[in-house]
Amino acid sequence: QVQLVESGGGSVQAGGSLRLSCAAPRFTSGYTYSRHCMGWFRQAPGKEREGIAGISPGGGSTDYADSVKGRFTISRDNTKSTLYLQMNSLKPEDTAIYYCAAARPPCAVALLRTEYNYWGQGTQVTVSS
């Protein structure tokens, strides 16, 4: 059906950068990858999963949570069926498991979990002070 695979997580010191990728090696939802809205979420220990970035099917529209605005950038390459999250100026409070998600069309850029239909398994990001 749909497989989303995150990569690029790891450990970094505060102020550092990481780039997460989300590949879609199997994507048979009935619609092509390029018609899906995509998003990044994260879940810290003891906290709920929160939406931090979303992007439209063509990549022309994005939205960010206030906590990451100005530091993180979401992008996508539909020719490679891959989603990215560039994370700069990382802070210890960014420590979490990061998930990518896909929303079937018709869709709008969103940061709500309920808007998404497919999820990856997550990648750990740890930021030390």
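Which residue takes a positive phi in the hairpin of β4 and β5? In this predicted model, that residue is glycine 46, with a phi near 75°, in a hairpin that has six residues between the strands.

**Strand pairing around β5**

- β4 and β5 are paired in the antiparallel sense, over five bridges.
- Across this pairing, isoleucine 55 of β5 stands opposite methionine 38.
- On pairing with strand β6 (residues 62–64), β5 again runs in the antiparallel sense, here over three bridges.
- Isoleucine 55 has threonine 62 as its bridge partner in β6.
- The hairpin formed by β5 and β6 has six residues between the strands, and glycine 59 in its turn has a positive phi of about 90°.
- Five of the six residues of β5 are buried, which leaves the strand mostly covered.

**Nonpolar cores**

- The largest nonpolar core has 30 residues, of which Leu4, Trp40, Leu83, Leu85, Met87 and Tyr98 touch the most other members.
- Elements giving two or more residues to this core include β1 (2–7), β4, β5 (50–55), β7 (72–77) and β11 (123–128).
- The most is given by β3, with five residues.
- A second core, separate and of six residues, includes Cys37, Phe41, Ala110 and Tyr116.
- Beyond its neighbours within four places in sequence, leucine 83 is in contact with residues including Leu20, Tyr33, Met38, Trp40, Ile55, Ile74 and Cys100.

**Aromatic pairs and charges over a ring**

- Four aromatic pairs are found in a search of the whole structure.
- One of them joins phenylalanine 41 and tyrosine 116 in an edge-to-face arrangement, at 5.2 Å centre to centre and with 85° between the planes.
- Phenylalanine 41 belongs to strand β4 (residues 37–43), whereas tyrosine 116 belongs to the loop between β9 (96–103) and β10 (118–119), so their pair ties together parts 75 residues apart in sequence.
- Phenylalanine 41 counts as buried because its relative accessibility is 0%.
- Tyrosine 116 is buried as well, with a relative accessible area of 6%.
- Together with Trp119, Phe41 and Tyr116 form one aromatic cluster.
- Over the face of tryptophan 119 lies arginine 49, at 5.1 Å from the ring centre.
- The ring of tryptophan 119 also has the charged end of arginine 113 over it, 5.9 Å from its centre.

Notes
Residues numbered from 1 in each chain as written. Predicted model: local features only at pLDDT ≥ 70, side-chain atom pairs only at ≥ 80, totals over all residues. Heavy atoms only, no water. Phe/Tyr/Trp six-rings, centres within 6.5 Å; stacked < 30°, edge-to-face > 60°. Helix = DSSP H or I, 4+ residues; strand = E, 2+ residues; numbered from the N terminus. Buried < 20%, exposed > 50% of the residue type's maximum accessible area, 1.4 Å probe, protein only. Lys NZ or Arg CZ within 6 Å of the ring centre and 35° of its normal. Core = buried A, V, L, I, M, F, W, Y, C linked by side-chain atoms within 4.5 Å. Contact = heavy atoms within 4.5 Å. Pairing = 2+ DSSP bridges.
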